[in-house]
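Work through the exercises below with the sequence and the model side by side. Try each task before you read its solution.

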Amino acid sequence: MQKLIQDFTGLYGSAPTVAARAPGRLEILGNHTDYNQGFVLSCAVEQDTRFALRPVSGKHCRIKDFRDGSTREFDLDDIATATPKDWSNYIKGVIVELEKRGLRVGAFDAAMESSVPLSAGMSSSAALETAAGFAFREAFGIKLADADWARVGQGVENNYMGLKSGLLDQFSSIFGKKDSMILSDFRSVEVLRTVPLPHGYSIVVINSMAKHNLVDSEYNVRRQDCESAAEKLAQIYPDVKTLRDVSLEQLEAARPALAEREFRRALHVVGECTRVLEAVRLLEKNDIEGFGRLWFESHESSRINFENSTPELDYLVELAKSVPGGLGARLSGGGFGGITIHLVKSEGAEEYARRVQAGYKTRTGINAEYIICAIGDGATSQKL
Ligand code: GLA
């Protein structure tokens, strides 16, 4: 953060008055369950986005992204709609969502820096929304509960960007706990408990390098399939509000009432909710191998039932089954490209990652970047 503050001061000629940071996240298990009001096991990572800001008079805002050196400028009166494919949307969208809630952001000079990989599935956009939002909170005295800050970020995605995503990304970026996963319930929208990653094991992120841009993906279509499946199931089981309420037995019994595609989408979501709760039970017994097997099962269900995998992601997960040290692997996040996560013994994690990388290179010619991830704390902000 110190470096960003110095660079800000060098650029604008005076120091920022507030600063905030928000991490990226990994979805450990619980794929596409959030908008079905289900369970997710996730964590924040140490890679984060930092945002420094100084209020100015008038309506004109300037933002520098020190990651690529680009700059954006806009007037607060001129941000009602998004600019196609532009990173400043994730900041302008936050201001618009706050305005809808009667909360006012004034003009500012800002600068940011980030170590969250872009378009990879580690929620670089949620990290930016949250870092900017938390900086606005400090600078303009905005009072909102933490879960509502997650809703502001989700509103940016849903309303400004047109991606009908759930709350997982912003929620994990805000509520993450160092060295622990968090078990969240997206019906009550709360963290039920923290679940430590057993000592001696690490999560390796291996990026397929196939860009995952959810706005242009079939994400919204998957969500529609889930909702139409839930509606049909509700006609049979009146207590069903979302797929979260359906058991595997109920789903099997109702199969004839669903289109084949709806059945498979629902099977994925119901299976993921079950796997999340099973994972917590297995970790209580220190059954790390069983935990890893659930990662493979989750990926297989993505591949066959939810169809949000890609040949590249499948191949990275296949490699995990043959490279020594791999206990489990799966796609993480929306899918349709981006990253895989691998559960490995910490000792030998580097060697494991290099071997998977080499195997992937031989088959695809692509150099998959990897990160041996440390689980970090959620977002913070401060007055300077
Ligand atoms: C993306 C969305 C989240 C969630 C995941 C899949 O990350 O932004 O809301 O739906 O995909 O679990």
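A strand, as the word is used here, is a DSSP run of type E with at least two residues, and strands are numbered from the N terminus. The model is a predicted one.

**Exercise 1.** Locate Ser184 among the strands, and decide whether Ser184 is buried or exposed.

Solution. Begin with the position in the chain: Ser184 belongs to strand β6, which covers residues 180-185. Next, take the relative accessibility of Ser184, which is 1%; since buried means under 20%, Ser184 counts as buried. Finally, look at the surroundings: once neighbours within four places in sequence are set aside, Ser184 is in contact with Gly38, Phe39, Val40, Phe171, Glu190, Val191 and Leu192. One of these, Phe39, is also included in a separate core of 33 residues, together with Ile203, Leu282 and Ile341.

**Exercise 2.** Find out which domains the chain is divided into, and how many residues of each are in contact with the other.

Solution. First, read the domain assignment, which gives domain 1 (2-196) and domain 2 (201-373). Then compare their positions: the centres of the two domains, taken over C-alpha atoms, are separated by 25 Å. Last, turn to the contacts, where 38 residues of domain 1 meet 47 residues of domain 2.

**Exercise 3.** Describe the largest pocket, and explain why it lies between the two domains.

Solution. Start with the space, which amounts to about 950 Å³ in the largest pocket. Continue with the lining, made up of 47 residues, among which Tyr90, Ser119, Ser124, Ser125 and Asn213 lie nearest the centre of the pocket. Several elements, including β1 (18-29), β2 (39-55) and α3 (124-140), each supply at least two lining residues.

**Exercise 4.** Determine in which strand Gln47 is placed, and which residues Gln47 touches beyond four places in sequence.

Solution. Gln47 is found in strand β2. With a relative accessibility of 17%, Gln47 counts as buried, the limit for that word being under 20%. If residues up to four places away in sequence are not counted, Gln47 touches Pro23, Gly24, Ser115, Val116, Met122, Ile371 and Cys373.

Conventions: Residues are numbered from 1 along each chain as its sequence is written. This is a predicted model: local features need pLDDT of at least 70, side-chain atom pairs count only at pLDDT 80 or more; totals for chains, interfaces and linings use all residues. Side-chain values use heavy atoms; hydrogens and water are left out. On a 1 Å grid over the protein atoms alone, a cavity is a set of points where a 1.4 Å probe fits but cannot get out, and a pocket is an open set with protein on both sides within 12 Å along at least five of seven lines; lining residues have an atom within 4 Å of a point. Grid points are joined across faces, edges and corners, and a volume is the space filled by probe spheres set on the points. Domain bounds come from an automatic or database domain assignment. Buried means under 20% relative accessible area, exposed over 50%, partly exposed in between (1.4 Å probe, protein chains only). Contact means heavy atoms within 4.5 Å. A nonpolar core is a set of buried Ala, Val, Leu, Ile, Met, Phe, Trp, Tyr and Cys residues joined through side-chain atoms within 4.5 Å.
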